[in-house]
Amino acid sequence: MEAGRLLLAVPGMLDPHFDATVVFIFDEGAAGVILNRPTELPLAAAVPEWEHLAADPAVVFWGGPVQEEHAVALAVPPPPRAEPVGAGVGLVDLRRGAEDAGDAASVRIFAGYAGWEPGQLETEIAQGGWFVVPAQSGDVVSPDPSGLWRNIFGRQKGWLRRYRTYPDDPGLN
């Protein structure tokens, strides 16, 4: 999977970790972070030295079920010392300190990440579990994480666009 792409969970995904999620792939080895799962933990409480660079909402996001005790930081635009990961986004090393982020406009910090074994993600995509679409840098730092899944479907062309109106609970229709 190419870094800088988004995975949109197919409506009705049975895995509760990924139901209605948007995953930004930051590593071609099939690792990414869930962009629309903010936690209640203020960034100021977790890593106060990064708070001034935090994208709104300024909370830690749940990046996925792998290594939840480790943090992943993405910056838009990528500062000079960040590792570019596509779509105008950079992976920032939190150990270097906030000054290393340079003039990054916004930083989002995630607890954990989503990861797949070799071939696993490709199989899930082939079986219809994910839609793969291009990312925009603003997706990573969206101020509306709860609406992100629908918003991204809404900007797609063709039949994918119809998913923007998919009901939260289709059983209520």
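Let me begin with a term: a residue is called buried when its relative accessible area is under 20%, and F153, at 0% relative accessibility, therefore counts as buried. Please keep in mind throughout that this is a predicted model.

A search of the whole structure finds 10 aromatic pairs. One of them joins F131 and W159 in an edge-to-face arrangement, with 5.5 Å from centre to centre and 70° between the planes. Since F131 belongs to strand 10, residues 130–134, while W159 sits in the segment after helix 4 (148–154), this pair ties together parts that are 28 residues apart in sequence. F131 is itself buried, with a relative accessible area of 13%.

F153 comes in through another pair, this time with Y163, which is tilted, the centres being 5.4 Å apart and the planes at 45°. Here F153 is in helix 4 and Y163 in the segment after helix 4, so that the pair links distant parts of the chain, 10 residues apart. Y163 also counts as buried, because its relative accessibility is 16%, and the cut-off for that word is under 20%. Which residues do the ring pairs link into a cluster? They are F131, W149, F153, W159 and Y163.

Let me turn now to the backbone. Most residues other than glycine have a negative phi, and most peptide bonds are trans. With that in mind, where do we find cis bonds in this model? The peptide bond from D56 to P57 is cis, with omega near 5°, and P57 lies in the loop that runs between helix 1 (43–46) and strand 5 (59–62). The bond from V76 to P77 is also cis, its omega being near -10°, and P77 is found in the loop between strand 6 (66–76) and strand 7 (83–84).

As for phi, A20 is not a glycine, and yet its phi is positive, at about 55°; this residue lies in the loop between strand 1 (5–9) and strand 2 (22–27). A87, likewise a residue other than glycine, has a positive phi near 60°, and its place is the loop between strand 7 and strand 8 (90–92).

Are these two alanines buried, partly exposed or exposed? A20 has 27% relative accessibility and so counts as partly exposed, and A87, at 29%, counts as partly exposed too.

Key:
Residues numbered from 1 in each chain as written. Predicted model: local features only at pLDDT ≥ 70, side-chain atom pairs only at ≥ 80, totals over all residues. Heavy atoms only, no water. Helix = DSSP H or I, 4+ residues; strand = E, 2+ residues; numbered from the N terminus. Buried < 20%, exposed > 50% of the residue type's maximum accessible area, 1.4 Å probe, protein only. Phe/Tyr/Trp six-rings, centres within 6.5 Å; stacked < 30°, edge-to-face > 60°.
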